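Let's take a look at how a protein packs together on the inside. Have the sequence and the 3D view open as you read.

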Amino acid sequence: SISYKDLKVINSLESSKSGEILKSAITGWGKCTPDNIMTNDDLSKFVDTSDEWIQQRTGVKERRFSHVNTSDMAEIAGKHAIACAGLNPEDIDVVILATCTPDSIVPSAAAHVQKRLGAVNASVYDINAACAGFLYALEQGKAFVESNLYKRALVIGAEHITWLLDWSDRNTAVLFGDGAGAVVIEESKSESDGEIYSFSNGLSSDNLEILEIPNFGSAMDRFKTDEAARVRWTFDGQEIFKSGVRAMAQASAEAIEKSGLSKDDVDIFIPHQANIRIVEALEKKLGLPNATTIKKVHRYGNTSAASIPTAFVDALEEGEIKGGEIAVFTAVGAGLAWGACAVRLGDRVTPINKSDAKLPDFDGTATDTIKKAIEYQVPDKLDKI
């Protein structure tokens, strides 16, 4: 009898010999957004800020805080995406988890996801390109399917970024939230399936210092007992704004050009949900005359690698995406990592099957999920929460 892995190799070789050109498409989608909602007013109880200050500068009204690990959220999003595509976990050949907040370094967070999903036939790995991670992972998923190395890829963006925040720094503390989003990529067999067209991904390493968490990892002095708890961010908001808008506009234009389309062809624009000012500046600079821009930053804040897939799922569930549109996704993150993708969405906008997977209940508030951090970082605020 032939093994499953040997069959993959044979299929790849046969495709190469026949000269068949495979296309890929998004066939399933799902998300996981924790129920623990942190409003701006809630945040102002232990961060030196206000609802007015946050909304004026970022457009964020609330965000979600997770009481579980990154892989737990990724699992739920993955289960919904797999069911949406009409598949079972054992049908998945590769799981690519984009995250900068894995719950473990060894093994990968994706390894925990594979176990919880039951995706026993899948190769799995993490990828870290910060907020641009989902686009990096999506490009790899496309490459796997179109090379016929793997038939079905599960691409997940998931972040437990509130675990990493410094609650004494209002410039970063107000921006972020937790969540996960996922898509399944399979061969596109007809026009109605849609097609993932083209990417423009890259990194400008001359801007490393504008968004950085230095000395966290093997650069850390792990024998300083408080080193991890005192994690600090380097965050140059003005430079991130300018460089981010420029990078996303250029990457988006390149992805559109590579696909053979024009800006007039784009119907749906889903930028990284980092900050409403960045989104609006990007709209103006890129200039997509017929596109509807999906904006969910007010609801979730910046969820890093989870930003684009959760916004995509919301747009489908809320009817902003009707099916068959040309869409552009774009993001920028630490590094400065950037990327964009042009895709024709499939005609189907409803799941083939549905999963009832959800996170375990939490007996507490959003504030309770970070109480230990508050006790350490801003102890003088404890009596206000």
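Start with two helices: α4 (residues 70-84) and α5 (residues 109-117) have axes that come within 9 Å and cross at roughly 50°. Keep in mind that this is a predicted model.

**How the two helices meet**

- Two packed helices are described by the angle between their axes and the distance between the axes.
- With a crossing of roughly 50°, α4 and α5 are therefore oblique to each other.
- The crossing of α4 past α5 is right-handed.
- On the α4 side, the residues in contact are Ser71, Asp72, Ala74, Glu75, Gly78, Lys79 and Ile82.
- Their partners in α5 are Ala109, His112, Val113, Arg116 and Leu117.
- Sort the residues of this contact by class and you get five nonpolar, three polar and four charged.

**The largest nonpolar core**

- This core has 47 residues, and the members that touch the most others are Leu43, Phe46, Val47, Trp167, Val174 and Trp233.
- At least two residues come from each of α3 (51-58), α8 (237-258), α9 (276-286), β14 (326-333) and β15 (337-344).
- Which helix gives the most to this core? That's α8, with eight residues.

**A closer look at Trp233**

- Leaving out residues up to four places away in sequence, Trp233 touches Ile161, Leu164, Leu165, Asp166, Thr172, Phe176, Leu211, Glu212 and Ile213.

**A second core**

- There's also a separate core of 41 residues, with Ile26, Trp29, Phe199 and Ala337 among them.

Terms used
Residues numbered from 1 in each chain as written. Predicted model: local features only at pLDDT ≥ 70, side-chain atom pairs only at ≥ 80, totals over all residues. Heavy atoms only, no water. Axes fitted to C-alpha atoms, helices over the stretch in contact; angles between N-to-C directions. Helix = DSSP H or I, 4+ residues; strand = E, 2+ residues; numbered from the N terminus. Parallel < 35°, antiparallel > 145°, perpendicular 65-115°, else oblique. Left-handed = near helix turned anticlockwise from the far one by under 90°. Contact = heavy atoms within 4.5 Å. Nonpolar A, V, L, I, M, F, W, Y, C, P; charged D, E, K, R; others polar. Core = buried A, V, L, I, M, F, W, Y, C linked by side-chain atoms within 4.5 Å. Buried < 20%, exposed > 50% of the residue type's maximum accessible area, 1.4 Å probe, protein only.
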